[in-house]
Amino acid sequence: MAGRGVNATAGGVRIVVAGDPKTGKSSLIVTAATETFPTNVPPVLPPTRLSEEHLHDGVPVTVIDTSSSTENRSKLVEELRRADVVVLTYACHRPETLDRLNTFWLPELRRLEVKVPVIVVGCMLDKRDDQNPVSLEQVMSPIMQQFREIETCIECSASKLIQVIDVFFYAQKAVLHPTAPLFDQEAQTLKPRCVRALKRIFILCDHDRDGALCDEELNDFQVKCFNAPLQPSEIEGVKRVVQEKLAEGVSERGLTLTGFLFLHALFIEKGRLETTWTVLRKFGYNNEIRLSDDRLPSPMKKHPDQSVELTNEAVDFLRRIFFTYDIDGDGSLKAPEVEDLFSTAPENPWVEAPYRDAAERNALGGLTIDGFLSEWALMALLDPVRCVEYLIYIGYAGDVSSAIRVTRRRRLDRKKQQSDRNVYQCFVFGPKEAGKTALLNALTGRPFPEEYVPTTINNNYAVHVVDQAGGIRKTLILREIPEDDVQIFLSSRDALAACDVAVFVHDSSCEPSWKKATELLLDVASQGEATGYEVPCLIVAAKDDLDPYLTEIQDSTRVSQELGIEAPIPISTRLGDLNNMFRKIISAAEHPHLSIPETEAGKSRKHYHRLINRSLIFVS
């Protein structure tokens, strides 16, 4: 359930009451606020605060009344989108208003993407004819099966003061202690993300790392979460409850992880969700069972031409983690070992693009140490805050600000004629079938594909460690820019800001491929000159195992000389070892003042500026 979540509590809980006309919305609100049934109510009430005695955990509550008339439609939509929880009303004595929940109100909330808990309330219970009684469960069960966002259903009577306060108690509870993120009602089990969070909490509390919480550790946990110690008899009572239902829940060393999870499932089944939520919140989790923003670094303030890298401290931690989880000691992490590593995180972040196939794996599909560190380097570059979040999940205990660093501006690197980065990003341009994807595959050691498969995603990355002279190691990230996406890509002023070096690949056996690659090179060079984000550029003549087209060497030499960049680098991804080429890419990135192409327009601009400067010197 993706609502505003626990962060909503900072400004209080906002309950929005909606439903068909004449279903008792305003009377319900007034009665809850004043504990008396009103004789007259206005069509729509102003925002109403509940009294302190009816607040859950002292969190302020504002109740918003709404009108369902067409002229107030935009106001209704605005309020629903600001809600922390929605109370939908129907009239118990008018079945058609209940049908409208199913046919209009609940689908409408989904259409508006109002992703918050819903409380369904049958009002005017006292007016219902109970000659043919039907239980609330019978009526609501099919609707709740279809609309999982419904947290609770309740019937009430404002005129008889029956269960009115309970409506708002359940509404508050749905925001502060929602069921949906924790528990699968149908399967009657804890949800995977909840299990993962509780496992992490268990490990953090298991100070001696023996796989069980001894009496002292259980007591420390109780004090941290609930500010109250457990008596020895209470600890024995807890363990006895677990052992009676689940033998493996307690060992001679104490409460096991299985027992710890069982206890929380038991609390939830008994309706004591606040117990599990108190534990989760104490360890920094929000309603989505992720670490809340205050536990993470703020989004980093940086210029577009700065990047983010892991610090040596974070890399050292990751090396230790790699060998801890390499259970069989084969120098790689297989899929089950990676899943085990991320079993205390909300999910494995590398199962989807751009991370899924980005790094080196061995013949058995295991991540090598270089592949493992490369994945983290890519994550730090693309999504630094999420990278730190996942470092914390897997056990990084240092100051979060010590895990990543912002590099120097590339503009400054050009002035200083050197770069001190450890991770370089290279954009790979080129026409279709030039060999861009094959180049990315070669970096991570994937086999050469015999059949051409066009790249359909615009975030295709490859990342690997490249050995330089003198034992220096740098991480190279290749990002493929599909030909069809180049114009849209370059429409952004900062498109080249994150690029340390650009590579232009063409099929050396095909003249149209060369011509298109030249066009792309000129487009990128012009963009760099216009925005101040000039980048070193290299031309790659791919498919060197095939015969070149007739004037390929003369054409490519002429263009590289005209633009003032290095002659094309011939490669064959089918036959050759490309490490030398990857080293050239790193070298070009390390010397950001070299290999920058100059277009005719750029040369003219420079010549004009030189003339102006000479004139100024002459005048002065």
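**Notebook: a first look at the model**

I began with the surface: the protein exposes about 29700 Å², and carbon and sulfur atoms supply 52% of it. Accessible areas come from the Shrake-Rupley method with a 1.4 Å probe, and for residues only the protein chains shown count as cover. I noted that this is a predicted model, where local features need pLDDT of at least 70, side-chain atom pairs count only at pLDDT 80 or more, and totals for chains, interfaces and linings use all residues. Residues are numbered from 1 along each chain as its sequence is written, and side-chain values use heavy atoms, with hydrogens and water left out.

**Whole chain**

I looked up the overall extent. The C-alpha atoms fill a box of roughly 95 × 70 × 60 Å along the principal axes. Of the 620 residues, 52% count as buried. Buried means under 20% relative accessible area, exposed means over 50%, and partly exposed lies in between (1.4 Å probe, protein chains only).

I listed the secondary structure next. The protein has 21 helices and 21 strands. Both are DSSP runs numbered from the N terminus: helices are H or I with at least four residues, strands are E with at least two.

Then I checked contacts, meaning heavy atoms within 4.5 Å. Among contacts between residues at least 6 apart in sequence, 71% join residues at least 24 apart.

The mean positions of the 72 positive and 89 negative charges are 5 Å apart. Lys and Arg count as positive, Asp and Glu as negative; His and the chain ends are not counted. I took the place of a charge as NZ of Lys, CZ of Arg, CG of Asp or CD of Glu.

**The six-strand sheet**

I traced an open sheet of 6 strands in the order β2-β3-β1-β4-β5-β6, with mixed pairing. β2 (48-49) and β6 (150-155) stand at the edges with a single partner strand each, so one side of each has no neighbour in the sheet. Two strands pair if DSSP finds at least two bridges between them. Strands of a sheet pair through backbone hydrogen bonds, either parallel or antiparallel.

I followed two of the pairs. β1 (residues 13-19) and β3 (residues 61-65) pair in the parallel sense over 5 bridges. Val17 has Asp65 in β3 as its bridge partner. β5 (residues 118-123) runs parallel to β6, and 5 bridges join them. Val121 stands opposite Ile154 in β6.

Is β6 largely enclosed or left open by the rest of the structure? I found 6 of its 6 residues buried, so β6 is largely enclosed.

**The three-strand sheet**

I found another open sheet, with 3 strands in the order β9-β11-β10 and antiparallel pairing. Its edges are β9 (212-213) and β10 (250-251); each has a single partner strand, so one side of each is left without a neighbour in the sheet. β10 pairs with β11 (residues 254-256) in the antiparallel sense over 2 bridges. Val250 stands opposite Leu255 in β11.

**A span from the record**

UniProt, in an unreviewed entry, places "domain: EF-hand" at residues 313-348. Its positions are given in the numbering used here, feature names are shortened, and annotations may be inferred rather than shown by experiment. I checked the span in the model: it is 56% helix and 6% strand, and its end C-alpha atoms lie 23 Å apart.

I looked for a cis peptide bond and found one joining Ala353 and Pro354, with omega about 5°. Pro354 lies in the loop between α12 (335-341) and β14 (367-368).

I then looked up positive phi values. Glu35 has phi near 60°, in a residue other than glycine. Glu35 sits in the loop between α1 (25-34) and β2, and at 41% relative accessibility counts as partly exposed. Ser595 also has phi near 60°. Ser595 is in the loop between α20 (579-590) and α21 (600-619), and counts as buried at 19%.

**Two single residues**

Is Gln468 buried or exposed? Gln468 is buried, at 14% relative accessible area. I placed Gln468 in the loop between β17 (460-467) and β18 (473-480). Leaving out residues up to four places away in sequence, Gln468 touches Lys474, Arg583, Ile586, Ser587 and Glu590.

Ile553 is in helix α19 (residues 552-563). Ile553 is exposed, at 55%. Ile553 and Pro568 are 15 residues apart in sequence and 8.9 Å apart in space, C-alpha to C-alpha.
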